[in-house]
Amino acid sequence: MRLTLLVPELLWPEPEDDLAWQALDCPALDTLLQRSELQRRPALAAEAQAARWLGPTPQPLGALRLLGEDGAALAPDTGVWLCADPIHLRLHQEEIIVADSRELDLEAAEVETLAASLNAHYAGEASFHPVTASRWYVRLETPWAAELPGDALPPLSAAAGRRLNLPTPADLPSRRLLALMNEIQMLLHSHPVNEARGERGLPAVNGLWLWGAGSLGPAAAAPEAGAIWSNQPLPRGLALAAGLQHHPLPASAHSLLQAGPAEERHLVCLDDLLQAAQDQDAQAWRDALADLENRWFAPLKTALARGRLSQLEVVAGTSYGDLTWQASPRQIKGGLFSFLAGKPEALQQLARRLAAA
């Protein structure tokens, strides 16, 4: 059984923030990382990391997330689809910060009214389809949509809580996409829904983050059989498109191992740390990491040492890059390798080393 853990923001983004790092007690994680082979690549959002697990071919992330929506009334059978997630752009210390829908607390009537206004304005060009208050989709019907690259904008998870940093694309379709986002922002600025929210002291829905462009082509089988464990729609959509098994995220590694899944290759998506890092909430991040240590890292370290796993990968998108640690039972269970490795490196020391490299 080969297991990949996808754990975005595994390392706190500020290596010198001693208050965030102090007294962390994660011996299993420390050992796993110390005794694993580390590969470092340019930063990649968790959504793209999950798609990469299926292979190197770019995936239409917007269409795949829609495919994975439980109970959605529409399917991305044809056309170019994107995620169109509501955001609030706010000024903070002379910088514009991207806030996702967690700060908006949108009501169903507000969502319906905003989508209806956008659909009326862009009739024949685009159609907007909210599935939840936080997850919207848009089907583009313009001639340039078919040429739009899937990575014109990163997923919202890579932008939320950070300074607005829009690219300056060289290709015309991407420039048109940014122009569309800017136009939507102006339309929403004075919308009656936002005026009413302002009167109640609530943040405005003053933009949509358009990302993951592409069309859902014919289903292609994954290169290897396997299963994806997640509570999010995108991994579910990836599994459906590739003909893989999909399971809800178990409570712990013990639960997964006790289930005795027949598949050899597994992807487990753990996003427990992501929101705390986006919110710059160090205490919430520390608490979530301690919980992951108890429920996942400690039992998986034991399972690896006992040979119940043939391979464990820990994949983390961080401010230090896209980090992948890969370990085998031989590396974890002790012996000469354990002696040579010495005392596990503390997480803050690792972060400092990566930041300085």
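Predicted model: local features only at pLDDT ≥ 70, side-chain atom pairs only at ≥ 80, totals over all residues.

Colleague: Is the crossing of α5 and α6 left-handed or right-handed?

Modeller: The α5 and α6 crossing is right-handed.

Colleague: Which residues meet there, α5 to α6?

Modeller: From α5, Leu114, Leu118 and His121. From α6, they meet Glu183, Ile184, Leu187 and Leu188. The residues of this contact divide into 5 nonpolar, 1 polar and 1 charged.

Colleague: Leu188 has a backbone oxygen. Which side chain has a polar atom 2.6 Å from it?

Modeller: That of Asn194. Asn194 sits in helix α7 (residues 192-199).

Colleague: Is Asn194 buried or exposed?

Modeller: Buried. Its relative accessible area is 5%, and buried means under 20%.

Colleague: What is Asn194 in contact with, leaving aside neighbours within four places in sequence?

Modeller: Leu188, His189, Ala204 and Val205.

Colleague: Ala204 has a backbone oxygen too. Which side chain reaches that oxygen at 2.8 Å?

Modeller: The side chain of His88. His88 belongs to strand β3 (residues 80-92).

Colleague: And what does His88 touch, not counting residues up to four places away in sequence?

Modeller: Ile97, Val98, Ala99, Leu104, Pro203, Ala204 and Asn206. Ala204 therefore touches His88 and is also in contact with Asn194, and both of those residues are buried, His88 at 13% relative accessible area and Asn194 at 5%.

Colleague: How far apart are the C-alpha atoms of His88 and Gln258?

Modeller: They are separated by 43 Å. Along the chain, His88 and Gln258 are 170 residues apart.

Colleague: New topic. Where is Ser127?

Modeller: In strand β5 (residues 126-130). Ser127 is buried, at a relative accessible area of 15%.

Colleague: What polar contact does the side chain of Ser127 make?

Modeller: One with the side chain of His129, at 3.0 Å.

Colleague: Which residues does Ser127 touch, not counting those up to four places away in sequence?

Modeller: Asn119, Tyr137, Val138, Arg139 and Glu141.

Colleague: Now the backbone. What is the phi of Asp105?

Modeller: Positive, about 50 degrees, although Asp105 is not a glycine.

Colleague: Why flag that?

Modeller: Because most residues other than glycine have a negative phi.

Colleague: Where does Asp105 lie?

Modeller: In the loop between β4 (95-99) and α5. Asp105 is exposed, at 64% relative accessibility.

Colleague: What about Gln280: what is its phi near?

Modeller: Near 55 degrees, again positive in a residue other than glycine.

Colleague: Which loop holds Gln280?

Modeller: The one between α10 (274-278) and α11 (282-305).

Colleague: Is Gln280 buried or exposed?

Modeller: Exposed, at 55% relative accessibility; the cut-off for exposed is over 50%.

Notes. Residues numbered from 1 in each chain as written. Heavy atoms only, no water. Helix = DSSP H or I, 4+ residues; strand = E, 2+ residues; numbered from the N terminus. Buried < 20%, exposed > 50% of the residue type's maximum accessible area, 1.4 Å probe, protein only. Polar contact = N/O pair within 3.5 Å; in protein donor to acceptor, adjacent residues only side chain to side chain. Contact = heavy atoms within 4.5 Å. Left-handed = near helix turned anticlockwise from the far one by under 90°. Nonpolar A, V, L, I, M, F, W, Y, C, P; charged D, E, K, R; others polar.
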